[in-house]
Amino acid sequence: MGDTNTLTKKVACPNCKTVITVHGTAGETIEITCPKCKTKGIFAFPEEKPVIISTTGPFSIEVNNLEFTYPKSNKKAVNSISFGIKKGEIFGFLGPNGAGKTTTQKVIIGLLRGYGGNVEILGKNLQNWKTDLYNRIGVGFELPNHYQKLTALENLELFASFYRVKTTPSMELLEMIELEKDANDRVATFSKGMKSKLNFARSLINDPEVLFLDEPTTGLDPVSRRLIKDIILQKRKEGKAIFLTTHNMNDADELCDRVGFIVDGKLILIESPRELKIRHGIKKVKIEYLKDGELERKEFDLKNLADNNNFLNILREQDVQTIHTAEATLDEIFIKATGRQLK
Ligand SMILES: Nc1ncnc2c1ncn2[C@@H]1O[C@H](COP(=O)(O)OP(=O)(O)OP(=O)(O)O)[C@@H](O)[C@H]1O
Ligand SMILES: [Mg+2]
């Protein structure tokens, strides 16, 4: 352990909470077995790579060294975060619970005061915006807060009345999220997913230039999820700047032009999903074959596969059932880059 590159980290067993000391190097993934309860897990040491900002302005949102600490807390919920989002770009904020995603969004939309650093939104410092900012941005909050006694239509009409700009007809919004048949039902009778969809529609009332979406697909069934994702993609086409927070790597992969990994209030890296996969992803070939009537599975690196005798022997001698290539998922890359699981 005299190697200066060796890192040491203490992790708690997720099962019995025993503290385990792990040694390794940056980027290394270690298999751990809890000495007490024998639970197995993996720990990945973060890579040494600094934050990469691969895009230059002009930005619809530009954040520099943002910091925020909640009153009565001694820990920074957001710790020196910098990034920019352009028109027609979807920027995904990914991180585990409590990482600081919602806090960052709340600071940028002016809901949390007393932050450090600099926030520019639509070309103007956040400090210099008054309530007219809300005519130009749309916010889909993490937890829907509708007027339960009002119908879906009444809720949208009420919120539309707060704007001083042209708004999209409420019925049109309800049709867009396929809730037109429920327009005149009280929101109290809505399911969780219906409330989420209505929440999403509310963020679009004023046809905003900048859209903040905090977990817009959480709790939705696959059809509704697809619907919301298609609308988000349409908004990108229309040139909106979209700041999306999510835990869902598949959504991030599909929707985002760039993703930022946030852990413990810090932005660890920013990159496009594609580049992340190229940089971190090791292409594998997965092969399934029958041996003595049992299905066996093996994985090989795609690199130099033609010279890999183990792989070639399987091809020659075994009853091969399936072969396919697989690239690293954003989940795996997140674990590798941050040393943390998303959930
Ligand atoms: N109102 C609050 N008062 C004090 N601390 C808070 C408050 N809201 C959040 N925090 C703390 O700030 C940190 C970041 O929380 P935040 O809600 O931004 O996380 P998140 O990344 O959005 O998590 P999740 O995925 O669970 O939504 C956490 O440590 C949390 O406990
Ligand atoms: Mg949150």
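**Entry 1: Asn15**

Is Asn15 buried, exposed or partly exposed? Before answering, I note that I am working from a predicted model. I counted 13 C-beta neighbours inside 10 Å of Asn15, so the residue counts as partly exposed; being called exposed would take 12 or fewer. I found Asn15 in the loop between β1 (7-12) and β2 (19-24). Leaving aside neighbours within four places in sequence, I listed Cys34, Cys37 and Thr39 as the contacts of Asn15. I also checked one pair by distance: Asn15 and Cys37 are 22 residues apart in sequence, with their C-alpha atoms 7.7 Å apart in space.

**Entry 2: Cys34**

Cys34 was on the contact list of Asn15, and I went there next. I placed Cys34 in the loop between β3 (29-33) and β4 (40-44). Cys34 has 18 C-beta neighbours inside 10 Å and therefore counts as partly exposed; 20 or more would have made a residue buried. Which residues does Cys34 touch, once neighbours within four places in sequence are left aside? I wrote down Cys13, Asn15, Cys16, Thr18, Ile20 and Thr39.

**Entry 3: stepping back**

I then looked at the whole protein. I read off nine helices and 17 strands, and a C-alpha trace that spans about 70 × 50 × 40 Å along its principal axes. Of the 343 residues, 32% count as buried. I looked at contacts with a separation of 6 or more, and residues 24 or more positions apart account for 65% of them.

The domain assignment gives domain 1 (7-44), domain 2 (61-277) and domain 3 (282-326). I took the centres of domain 2 and domain 3 over C-alpha atoms and found 44 Å between them.

**Entry 4: the core**

Which members of the largest nonpolar core touch the most other members? The core has 62 residues, and my answer is Ile61, Ile242, Leu244 and Phe261. In soluble globular proteins, nonpolar side chains tend to be buried together.

**Entry 5: Ala201**

I found Ala201 in helix α4 (residues 192-202). Ala201 has 25 other C-beta atoms within 10 Å and is therefore buried. Setting aside neighbours within four places in sequence, I saw Ala201 in contact with Leu156, Leu173, Leu174, Met176 and Ile177. For Met176 I also noted the spacing: Ala201 and Met176 are 25 residues apart in sequence and 8.0 Å apart in space, C-alpha to C-alpha.

**Entry 6: helix α7**

Helix α7 (residues 273-280) has Pro273, Leu276 and His280 as its buried residues. Why do they line one face of the helix? Seen down the axis of α7, the buried residues fall within an arc of 60°, so they share that face. I looked at the other side of α7 as well, and there Arg274 and Glu275 are exposed. What do the buried residues of α7 pack against? I noted α6 (249-255), β13 (258-263), β14 (266-271) and α9 (330-338).

**Entry 7: ligand 1**

I listed the shell around ligand 1: Tyr70, Ser73, Ala77, Gly95, Asn97, Gly98, Ala99, Gly100, Lys101, Thr102, Thr103 and Glu142. By type, I sorted the shell residues into three nonpolar, seven polar and two charged.

Asn65 is not a glycine, yet it has a positive phi of about 50°. I located Asn65 in strand β5 (residues 61-68), and with 11 C-beta neighbours inside 10 Å it counts as exposed. Glu178, also not a glycine, has a positive phi of about 55°. Where does Glu178 lie? I found Glu178 in the loop between α3 (170-176) and α4. Glu178 has 13 C-beta neighbours inside 10 Å, so I logged the residue as partly exposed.

Technical notes:
Residues numbered from 1 in each chain as written. Chains lettered and ligands numbered in written order. Predicted model: local features only at pLDDT ≥ 70, side-chain atom pairs only at ≥ 80, totals over all residues. Domains from an automatic or database assignment. Helix = DSSP H or I, 4+ residues; strand = E, 2+ residues; numbered from the N terminus. Arc of directions from axis to C-beta. Contact = placed C-beta atoms within 7 Å. Core = buried A, V, L, I, M, F, W, Y, C linked by C-beta atoms within 7 Å. Near = placed C-beta within 6 Å. Nonpolar A, V, L, I, M, F, W, Y, C, P; charged D, E, K, R; others polar.
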